[in-house]
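Work through the exercises below with the sequence and the model side by side, trying each task before reading its solution.

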Amino acid sequence: MAFINTQSVTLSFCGIRLFEEISLTIEQGEKVALMGRNGSGKSTLLKLIAGIIRPDSGIIAIQKGIRSAYLDQAVPGETWGTVFEVVKRGLDQIKDKFETEDSWKQHQQVEKVISQLGLDDERVFNTLSAGQKRQVLLAKALVVEPDILLLDEPTNHMDIDSIKRLEEMLLRFTGAVVFVTHDRTFLQRIATRIVEIDRGKIFDQSCDYETFLERRAAAREDEETRNTLFDKKLEKEEQWVRTGIKARRTRNEGRVRELQKMREIRWDRRERPGMVRMKAQEAERSGRLVVKADNVSFSYDDTLVVVDFSATIRKGDRVGILGPNGSGKTTLLRILLGELQPASGSIYLGTNLQISYFDQLREQLVENKTVQENVAEDNNTVTINGKERHIIGYLQDFLFSPDQALSYVSFLSGGERNRLLLARLFARPSNLLVLDEPTNDLDLETLEILEDYLMNYKGTILLVSHDRAFINNIVTSTLVSEGDGAVKEYIGGYDDWLRQRPAKAKPIKAETVEKAIFQVQAPKPKAKLGFRQQKELESLPQNIQALETEREELYRAMGDPGLYKKDKYEIITKKERLETVKKLLVDSYTRWEELEQFKSKP
C-alpha cells in the first residue's frame, strides 16, 4: 500500500473550488514538491494530508502505523520555553498512538535532533530570530522520527548553512517527503517528483525542476492550441444557429444539443490566472554616493554585531547581504540606513535618497485594514510615474480581485501578503529599495517576475536573502557576515562568494584514504613526530572530508527509490561500502586523536 493515497478529493472555500476530484498517490522514498500560484491550494493540500482539515468529498488515506510530521509556513508569535522544551513538545503528539518511551530515551532523542540542526538547547525560543525559530519548529517535527514529512516552505527565514544542512538531511531521509518551496536551488536538489496545482487539477511529473519546466511549457502550449481550436468551432456553430429561416427549417436537433454542450464546456472552463505586472513609482535620481560606512562598530550588550566595517555603496549598486541567522543582517541594514547609531565609526547617507523598505515579518501591513487601505489608505487612486491609476486596477496587476481588494489582510495567505507588501512598496516613489527576505512564500512564477523587475531597476538595491539563485541573479556584490562582527565585501553573488572566500584544503579521492589509514605504523615515543607521522597528521583532515563526502553520496543513493528497482548486487555493494566507509571514518578520527595527543607531549 502507498504511504499516502488521495482519491477524488474535492474542496471549496468561499464558493471557489480549490480541488476538483484530484487523486494523488505517494510511495515511500519519494520527495514530492507541490507547486502552483499563490492561493492555488498548496498549503491546503498539505493540511488535508496532515488531517488538519477535511475535504468536502473524496478519500485521504495514510498507511496504517505510519507517523507523519507537519511544518507550517508561519512563524508563531509568543511561544514559551527553551529550545529544548519546545522541541520536546513534539513528542506529545505520539503519546496516544504509540507506546511512550521512558524519559531518558525521550531526552536523548530531543538532544540528538537539536544537535543535528546545530541549535542551542538552552536558548529561550522567543528571543530567537525568525530563521532560528523555523529551525526549532523543524526539530519539533523531526523529533517523532516520522515516516512522512509534510513541509510548508521549510527554508523560509533560514540561513544558507541551515538550508544546506536541511538538504543533506532530506537526501538521507528514507521516508516520503511532500513539500512546498519557493527556493529553486532547494527544489532542484531535493525533488524527485513535482506536482503542480493548477485551476483545481494537478499536473504530475516524475522529474527534476528543469525538466518539469520544459514539460509544463509544452503542455500549456498544447492547451492553448486546443482551446483556440475549440473556440473557433464554437464560434462557427454559434453563427450557424443564428442563420436565417432557411437554416432554422433544416436545423439538426443533434447539432443543437452538441452546441449546448459546447457552451457549457466553455462556461466551465477555468482560464489560467494572469501574471503579476510590476511597475514601480520611480523617484528622482539620488546622488552618485548612496551610503558610505567608515570603521563602523556596533554591539548589543556583549554581543558583537559589526566590527570595523567599511564600505561604499554607489548609485545603481545591487548589494546582497549574507550570513547565518542571528548574525545581524537586519541590524546591518538599519545601520546603513542611519536608523541605528554605531558605537564607533561613521555612516554617511547620500543626497536625495527616497527609500522603500520591505521587512521580512511584514509588520508594515495592518491586519484589521483592507487590502486597498494598506496600499492607498483613504484614497481611491495611486500615482505611478506621474499617471493616476484607480487602486482596484493597480491591485489587479498584483492578482488581487476587486473582492479581495475589499477584504481584510488577516484573510490573506503568506504569499498574498508578500504580493500586497510589494504592491505597497512599488506604489511609493523610491531610488533605494531595501528588501529583507522578499521571496518568502511567493510562488515561483511571481518570484521570477520580481527577479526580472529588480534586474532592470534603475536605482540602488540592498537585499537580504537566503535564496541562492535569487542572490546570484540580482546582486553585483555581497556583504558577508563571517563571525565575531567581521563583515567582508565580495564581488558578485552567492556562487562568486564561494569561489572567492578563503580556499579550503582540496579533498583527495576516498580510495586513497583507505590505504593511508593502515599503511603508517603508530609513532614510536620520541620528542616529536617523525616525518611520515607529521605528513599523515596533515593529510587526515582531507582524508576525513573525502570519506564524509562519499558517505553522504551513499546515503543519497540509498535514499533514491530508483535504486531498489536495480540489480540486487548493486544494492548489496552500496550497503557494504557504506559500512566500510563508516568504519574508516571511526578509525580516521581515532588515528587523528592519537597523533594529536602524541604531538602535544613535551
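Residues are numbered from 1 along each chain as its sequence is written, and side-chain values use heavy atoms, with hydrogens and water left out.

**Exercise 1.** Find which elements have the lowest and the highest mean pLDDT.

Solution. Begin with the term: pLDDT is the predictor's confidence in each residue, from 0 to 100. The protein has an average pLDDT of 80, and 83% of the residues score at least 70. Helices (H or I, at least four residues) and strands (E, at least two) are DSSP runs, numbered from the N terminus. Among these elements, the lowest mean pLDDT, 46, belongs to helix 18 (residues 510-519), and the highest, 94, to strand 7. Next, look at residues 505-510, where the pLDDT is below 50 and the model has 11 contacts (heavy atoms within 4.5 Å) beyond near neighbours in sequence. Where pLDDT is low, the predicted coordinates should not be read in detail.

**Exercise 2.** Determine which residues of helix 1 are buried.

Solution. Buried means under 20% relative accessible area, exposed over 50%, and partly exposed in between, with a 1.4 Å probe and protein chains only. In helix 1, which covers residues 42-50, the buried residues are K42, T44, L45, L46, L48 and I49. Moving past the helix, one comes to G51, whose phi is positive, near 85°.

**Exercise 3.** Describe where D183 lies and what D183 is in contact with.

Solution. Locate D183 in the loop between strand 7 (176-180) and helix 6 (184-190). Its relative accessibility is 1%, so D183 counts as buried. A polar atom of the D183 side chain lies 3.0 Å from the backbone nitrogen of F186. Finally, leaving aside neighbours within four places in sequence, D183 is in contact with T155, I163, H466, D467 and R468.

Key
A polar contact is a pair of N or O atoms within 3.5 Å; within protein, one must be able to donate a hydrogen and the other to accept it, and residues adjacent in sequence count only if both atoms are side-chain atoms.
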